[in-house]
Amino acid sequence: MHLAYPAVLAALLFSVGLYGVLARRNAILVLMSVELMLNAVNLNLVAFDVWLRDTLHAGQALTLFVIAIAAAEIGIGLAIVLMVYRNRGTSDVDRLRDAKEQPEPADEPSADKPSADEKAEATA
């Protein structure tokens with residue numbers, strides 16, 4: 001087997017994943033694109049392991065670690081996306097970036113809201 005076939009397939013997978021990360025707005029699709037990129041790396045690791053005829057199979061062992069890390073990343077990432085969706089009502093990445101809390105105007109302090117100094121004294 002030539003090394004070019006899995007290398008070209010891995011490059012295509014990585015390119016599709018990179019496009020998905022850069023172009024998608026939905027957080028779940030961004031996570032899926034990151035998975036595509038990790039699978040392209042796994043394909044390269046296994047292909048080079050077979051091509052170099054490594055007796056320790058280091059590429060395949062490293063692939064198992066990458067798969068474990070990818071599974072943990074997806075589990076934590078989906079949990080974060082679900083909590084953000086419950087709190088904000090959207091999983092659109094651009095809206096989440098723009099939805100930061102705006103600071104209160106400094107020229108008119110509110111009488112019924114404590115200032116930052118009063119909050120610091122209350123917590124100390």
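Which helix holds asparagine 42? Asparagine 42 is found in helix α2. The model is predicted, and this report starts from the overall layout before returning to that residue.

**Overall layout**

The protein has five helices and zero strands. From the N terminus on, the order is α-α-α-α-α. Of the 124 residues, 19% count as buried. The accessible surface comes to about 9700 Å². Carbon and sulfur atoms own 65% of that surface. Among contacts between residues at least 6 apart in sequence, 53% join residues at least 24 apart.

**Confidence**

Mean pLDDT for the protein is 85. A value of 70 or more is reached by 78% of the residues. Among the elements, helix α1 (residues 4-23) has the highest mean pLDDT, at 96. Helix α5 (residues 116-123) has the lowest, at 60.

**Helices α2 and α3**

Helix α2 has 26 residues. From its first C-alpha to its last it reaches 38 Å, close to the 38 Å expected at 1.5 Å a residue. Helix α3 (residues 58-88) has 31 residues, so at 1.5 Å a residue it should span 45 Å. The end C-alpha atoms of α3 are 44 Å apart, which agrees.

At the start of α2, a side-chain oxygen of asparagine 26 comes within 3.3 Å of the backbone nitrogen of isoleucine 28. Just after α2, arginine 53 has a positive phi of about 55°.

In α3 they are Gly59, Thr63, Val66, Ala70, Gly77 and Val81. Which helix do the buried residues of α3 pack against? They pack against α2 (27-52).

Leaving aside neighbours within four places in sequence, asparagine 42 is in contact with Thr63, Val66 and Ile67.

**The aromatic pair**

How many aromatic pairs are there? The count comes to one. Phenylalanine 48 and tryptophan 51 form this pair, with 6.1 Å centre to centre. The angle between the planes is 85°, and the pair is edge-to-face. Because the two residues are three apart in helix α2, about one helical turn separates them. Phenylalanine 48 counts as partly exposed, at 36% relative accessibility. Tryptophan 51 also counts as partly exposed, at 49%.

**Arginine 95**

Arginine 95 is found in helix α4 (residues 93-98). Is arginine 95 buried or exposed? Arginine 95 is exposed, with a relative accessible area of 55%; the cut-off for that class is over 50%. Arginine 95 and arginine 25 are 70 residues apart in sequence. In space, their C-alpha atoms are 8.8 Å apart.

**Accessibility of the residues discussed**

| Residue | Relative accessible area | Class |
|---|---|---|
| Phenylalanine 48 | 36% | partly exposed |
| Tryptophan 51 | 49% | partly exposed |
| Arginine 95 | 55% | exposed |

Notes
Residues numbered from 1 in each chain as written. Predicted model: local features only at pLDDT ≥ 70, side-chain atom pairs only at ≥ 80, totals over all residues. Heavy atoms only, no water. Helix = DSSP H or I, 4+ residues; strand = E, 2+ residues; numbered from the N terminus. Expected span 1.5 Å × (residues − 1). Buried < 20%, exposed > 50% of the residue type's maximum accessible area, 1.4 Å probe, protein only. Contact = heavy atoms within 4.5 Å. Areas by Shrake-Rupley, 256 points an atom, 1.4 Å probe, with all protein chains shown as cover. pLDDT = per-residue confidence, 0-100. Phe/Tyr/Trp six-rings, centres within 6.5 Å; stacked < 30°, edge-to-face > 60°. Polar contact = N/O pair within 3.5 Å; in protein donor to acceptor, adjacent residues only side chain to side chain.
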